[in-house]
Amino acid sequence: MWVRTAMWTLLWGEIMKKTTQLALCAILIALALALSYTERMIPLQLLIPLPGIKLGLANIVTLIALYLQGPKTAFTVLVLRCIMGSFFGGGLTGLAFSLTGGLLSMTVMVLTKRLPCFSVYGVSILGAAFHNVGQIAAAMALMQTVYVASYLPYLLMVALLTGFATGCAGAGILRVLSAVPAFTFPKANR
Amino acid sequence: MRLKFQKGDWIAVGLVIVLAVCVFLPFLPSSAAQPGAVEIWQNGVLLDTFPLDRDGEYIIDASFRNVITVRDGQAAITESTCPGADCVHSGWIRHTGRSIVCLPNRTEVRIVGTDGDVDFVVG
């Protein structure tokens with residue numbers, strides 16, 4: 001009898017773990033989608049007329065997912081956000097751009113997070129910068145020209161500012177959320 | 001979790017600036033190559049070449065409609081039906097090596113030297 005009880009306890013723990021992760025993942029994706037949709041209404045292009053310029057608000061969510069739940073969840077959130085975001089506008093070309101930018105940025109963030117010299121701010125700045133590098137690379141491949149790269153220096157300078165801003169937001173949110181067990185569950189607070 | 005801005009983060013800032021400068025330098029307008037012509041590319045194909053000193057208009061009807069205007073030795077995309085119209089907001093260009101792109105329409109307007117050749121290669 002006690003064997004069965006023990007098994008149930010184990011199974012129940014496993015189910016709770018999966019459920020919590022699933023719910024958290026869904027919340028993060030919804031948040032990222034809402035942010036990337038909202039930022040389209042902010043006319044940053046009128047201020048700085050460069051193609052592909054944006055605040056990168058959705059990167060806050062990727063950052064939070066990476067710090068609270070690790071690369072796997074962050075990757076899932078990123079890919080699903082990009083795919084679902086393309087339904088709301090952007091289409092297939094938009095999907096190609098956001099995926100190449102997002103995946104490169106994600107890879108850089110996962111790697112730099114491991115280095116002790118970088119805090120959330122450094123990780124966020126490099127993530128924002130490499131998002132632009134990825135997008136320009138995609139544009140170069142799509143348009144078969146190296147001239148698109150002439151936009152990159154300007155985009156990188158903007159990325160310094162936006163990366164710092166998303167870093168500020170991310171650090172603020174992480175300070176609060178890392179104290180809530182449900183958000184860091186089942187990972188230990190690192 | 002490291003949530004405070006620390007000294008090492010300046011390395012990230014420095015890296016981004018160095019990368020920006022490295023990409024910026026090859027695209028500096030070189031005085032050797034006088035701007036001579038405007039090339040209009042769409043989807044990786046050279047559609048047309050214009051001399052910069054002759055005013056005119058060129059219209060592309062692909063996924064979207066782009067109106068390219070050449071006036072007073074400068075070129076711009078003056079009208080576009082693409083979403084956002086970043087290309088129109090990019091304004092006028094006149095130096096060799098500069099270009100305006102319309103990503104949704106895969107259009108590129110590029111200023112080349114008098115001989116029409118690329119005078120540097122990147123990468």
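User: Which helix of chain A do A:Lys17 and A:Glu14 lie in, and how many residues apart are they?
Analyst: Both sit in helix H1 (residues 2-39) of chain A, 3 residues apart, which is about one turn of the helix. Keep in mind that this is a predicted model.

User: OK, and what do their side chains do?
Analyst: A:Lys17 and A:Glu14 pair up in a salt bridge, at 4.0 Å from N to O.

User: How many salt bridges turn up over all chains?
Analyst: Searching the whole structure gives 3. Across the interface of chain A and chain B, though, the rule finds 0.

User: What about polar contacts across that interface?
Analyst: There the rule finds 12 residue pairs in polar contact, with both residues at pLDDT 80 or more.

User: Which elements of chain A touch chain B there?
Analyst: Counting elements that give two or more residues to that side of chain A, you have helix H2 (44-47), helix H3 (58-69), helix H5 (91-114), helix H6 (120-143) and helix H7 (152-177). By class, that side has 34 nonpolar, 10 polar and 4 charged residues.

User: How many residues are in contact, and how much area gets buried?
Analyst: It's 48 residues of chain A against 35 residues of chain B. Between them the two chains bury about 3,700 Å², with 70% of it on carbon and sulfur atoms.

User: Which three residues of chain A supply more of its buried area than any other three?
Analyst: That would be A:Met143, A:Tyr147 and A:Tyr151, with 20% of the area that chain A buries against chain B.

User: Switching topic: what's the overall makeup of chain A?
Analyst: Chain A has 8 helices and 0 strands. Its C-alpha atoms fill a box of roughly 70 × 35 × 25 Å along the principal axes.

User: How do H5(A) and H6(A) cross, right-handed or left-handed, and at what angle?
Analyst: The crossing of H5(A) and H6(A) is right-handed. Their axes cross at roughly 145° and come within 7 Å.

User: Which residues meet there?
Analyst: From H5(A), the list includes A:Phe97, A:Gly101, A:Gly102, A:Leu104 and A:Val108. On the H6(A) side, A:Leu126, A:Gly127, A:Phe130, A:Gly134 and A:Ala138 are among them.

Note on methods. Residues numbered from 1 in each chain as written. Chains lettered and ligands numbered in written order. Heavy atoms only, no water. Contact = heavy atoms within 4.5 Å. Buried area = accessible area lost by both parts, 1.4 Å probe. Salt bridge = Lys/Arg side-chain N within 4 Å of Asp/Glu carboxyl O. Polar contact = N/O pair within 3.5 Å; in protein donor to acceptor, adjacent residues only side chain to side chain. Helix = DSSP H or I, 4+ residues; strand = E, 2+ residues; numbered from the N terminus. Nonpolar A, V, L, I, M, F, W, Y, C, P; charged D, E, K, R; others polar. Axes fitted to C-alpha atoms, helices over the stretch in contact; angles between N-to-C directions. Left-handed = near helix turned anticlockwise from the far one by under 90°.
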